Amino acid sequence: MSLFCGHAKIKDNIEIAPGIYHMVLNCPEVAEDAAPGQFIHIRCTDALSPLLRRPISIAMADKKEGTVEVIYRVVGQGTRLLAGKKKGQMLDIMGPLGHGFPIPPWVKHPVIVGGGIGTAPLLFLAESIREHKLSSAGSPELSGCEDIMKTGNSCGKPAKEFIGTVFVGFLTEKEIFGAELLKDCGFKVEICTDDGSRGYKGFPTDLLEMYLNDGPSPSSGKVSPAIDIIYACGPSPLLSKVASMASRAKIPAYVSLEERMACGVGACLGCAVKSADGGYMKICKDGPVFEVSQVTDL
Amino acid sequence: MDNKSIFINICGIAMKNPVMVASGTFGFGQEYAGFYDINLLGAIVTKGLTFEPKAGNPPPRICETPAGMLNSIGLENPGVEDFIAKEWPHLSRLSIPVIANIDGDTVDDYHKMARRLSSLEGLAALEVNISCPNVEKGGMAFGQDPESAAEVIKAVREGTDLPVIAKLSPNVTSIQKIAEAAVSAGADAISLINTLLGMAIDINKKRPVFHRTFAGLSGPAVKPVALRMVWEVYEAVKVPVIGMGGITTWQDAVEFILAGASAVAVGTGNFLDPLAPIKIIEGLKKYTAAQGVRDIGELIGSAHLFTGVKSRFK
């Protein structure tokens, strides 16, 4: 297997919400092989500090265009440098790395649970699920969602079919991103905010719990099939709640974990997560996506 | 293309270039095979192995520092038998020397490891880790005292006919005394440095970042210390020195060679740039050509000629 390590041209790097950036990179090599849930490992400076690369999950990859997109929040030295990069500059990246979200052929009703910046890889996942479902159903393939930040009609036609359900939560209305894309991919999207500025006031896991207890709300119209898989990415309390609800409901669930990384390829053993059968697994190589029963201490 | 001017032979380990990858930063080789042909390297040193499997330390295991990083991995490894069953088959197919890094809780562990690994056909050498700062028993404790360092090296020497490389800890008062003790006990080469003991504190939790409080510092931040120690050990012993500590560029590698290293290893530098070892090899070829050096061996330790202190060439 050949992995890309080199420079990619920045096509765009814009602030889409306070402290949250959307970067588009021209990198056909990574776009070609990327799967949802995988990440790229970015060197934020040519200088020796900050020393290590930053792992950022892929928010979209377009094979046809040869583009890879990421959405990141400025949290420290590395992401601050990244936010300062200008369109046209080159960026040193490695990837695509890690194991992403599996999309089994039997999936009828996937549920996606996202929290804050953790929603980023779920956009790529949603689009991939839509493609899988439509191609396996024999429908003509719809054009891809070319720009994840465009709203409304950017997907050609929004999928008519019901693809799945999304529960996403953000701190506040201003930080919401990706909702339109998720809708265009055929997902029913329920939004919540911590401060109640939009949608339900609370966490996406509250919505998931209600859904699992009561089924779809009457407003959702036609009754959808039972949930048969759950995907989640977000802060660790969100992941641990999803894990416990999923195991109670006996639904397979996949979560994407985050940890500081050094090598990003499984060589240094720096990003460990306790595995259910004792010992540790590598978040960068064995994950970052894990089936919830594989890992403990979520 | 092979370039004869940078061939080097260290205690019987023939390498087509003096650039190795340091133990613990390169897994068992496969991790980087997706980026380039690892047969281009001078040699590979495996992740540290112990007799029994080791789970390693609970996270967090790494913390970035100015121009460096701290690690507290805790020698996580599958154990020597699992290594032989699962990793040796692909490693043995490489065309370059593979060196096994070994670590033990007791002197006897090192002896058993040496015996077991010596049965592998094609293994190039043993690197004896008496310098890991991140384990409860053994490791660095052996490497901080000349007598215990000698005891471990002697036990390994008695268990193998392979070249024995002693990997030293910089966390000592006199690196020369430890190096001399290791060589008297039978070490064929010295590699240094392992990580420098350091720590970090989480100011929000108001407690050390790492469960074991102290961790190992590596990366460009440690380079001047590593270079000084290579310099000192070169003056103290007659065996070849393998230099490492913060090497990220070919210029760094040249400095180590001029200080007395017969070969160098890239460690943390792999994390910044997986292609760093390859770029260093190319840089060394260009440097030797530009300097009119026909054999890189001529450069080893040559900076000592200008200092008036004792050197093997003067």
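What follows is a short talk through the chains, their contact and a few residues.

Trainee: What should I know before reading any values?
Mentor: This is a predicted model, in which local features need pLDDT of at least 70 and side-chain atom pairs count only at pLDDT 80 or more, while totals for chains, interfaces and linings use all residues. Residues are numbered from 1 along each chain as its sequence is written, chains are lettered from A and ligands numbered from 1 in the order in which they are written, and side-chain values use heavy atoms, with hydrogens and water left out.

Trainee: How many helices and strands does chain A have?
Mentor: Chain A has 6 helices and 15 strands, where helices (H or I, at least four residues) and strands (E, at least two) are DSSP runs numbered from the N terminus. Of its 298 residues, 56% are buried, meaning under 20% relative accessible area, with exposed set at over 50% and partly exposed in between (1.4 Å probe, protein chains only).

Trainee: And how much area do chain B and chain A bury between them?
Mentor: About 2,500 Å², with 65% of it on carbon and sulfur atoms; buried area here is the accessible area (1.4 Å probe) that two parts lose on being put together, summed over both. The contact (heavy atoms within 4.5 Å) draws 33 residues from chain B and 30 residues from chain A.

Trainee: How many salt bridges are there between them?
Mentor: The count is 1 salt bridge, defined as a side-chain nitrogen of Lys or Arg within 4 Å of a carboxyl oxygen of Asp or Glu, and the side chains that meet in it are those of Arg54(A) and Glu64(B), at 2.7 Å from N to O. On the side of chain B that touches chain A, the elements giving two or more residues are α1 (30-33), β5 (62-65), β6 (68-71) and α9 (269-272) of chain B.

Trainee: Which charge lies over the face of Tyr280(A)?
Mentor: That is Arg61(B), at 4.6 Å from the ring centre; the rule asks for NZ of Lys or CZ of Arg within 6 Å of the ring centre and within 35 degrees of the ring normal. Within chain B, Lys112(B) lies over the face of Phe51(B), at 4.4 Å from the ring centre.

Trainee: Switching to rings, how many aromatic pairs are there over all chains?
Mentor: There are 11 aromatic pairs, counting rings of Phe, Tyr and Trp (its six-membered ring) with centres within 6.5 Å, where planes under 30 degrees apart count as stacked, over 60 as edge-to-face and the rest as tilted. Phe170(A) and Phe177(A) have ring centres 5.5 Å apart and planes at 65°, so they form an edge-to-face pair, and both residues are buried. Phe83(B) and Trp88(B), with centres 6.5 Å apart and planes at 50°, are therefore tilted.

Trainee: Last topic: is Ser131(B) buried or exposed, going by its relative accessibility?
Mentor: Ser131(B) counts as buried because its relative accessibility is 0%, and it lies in the loop between β8 (125-129) and α4 (140-143) of chain B.

Trainee: What does its side chain reach?
Mentor: The side chain of Ser131(B) reaches the backbone oxygen of Lys167(B) at 2.9 Å, and a polar contact of 2.9 Å joins it to the side chain of Asn194(B). A polar contact is a pair of N or O atoms within 3.5 Å; within protein, one must be able to donate a hydrogen and the other to accept it, and residues adjacent in sequence count only if both atoms are side-chain atoms.
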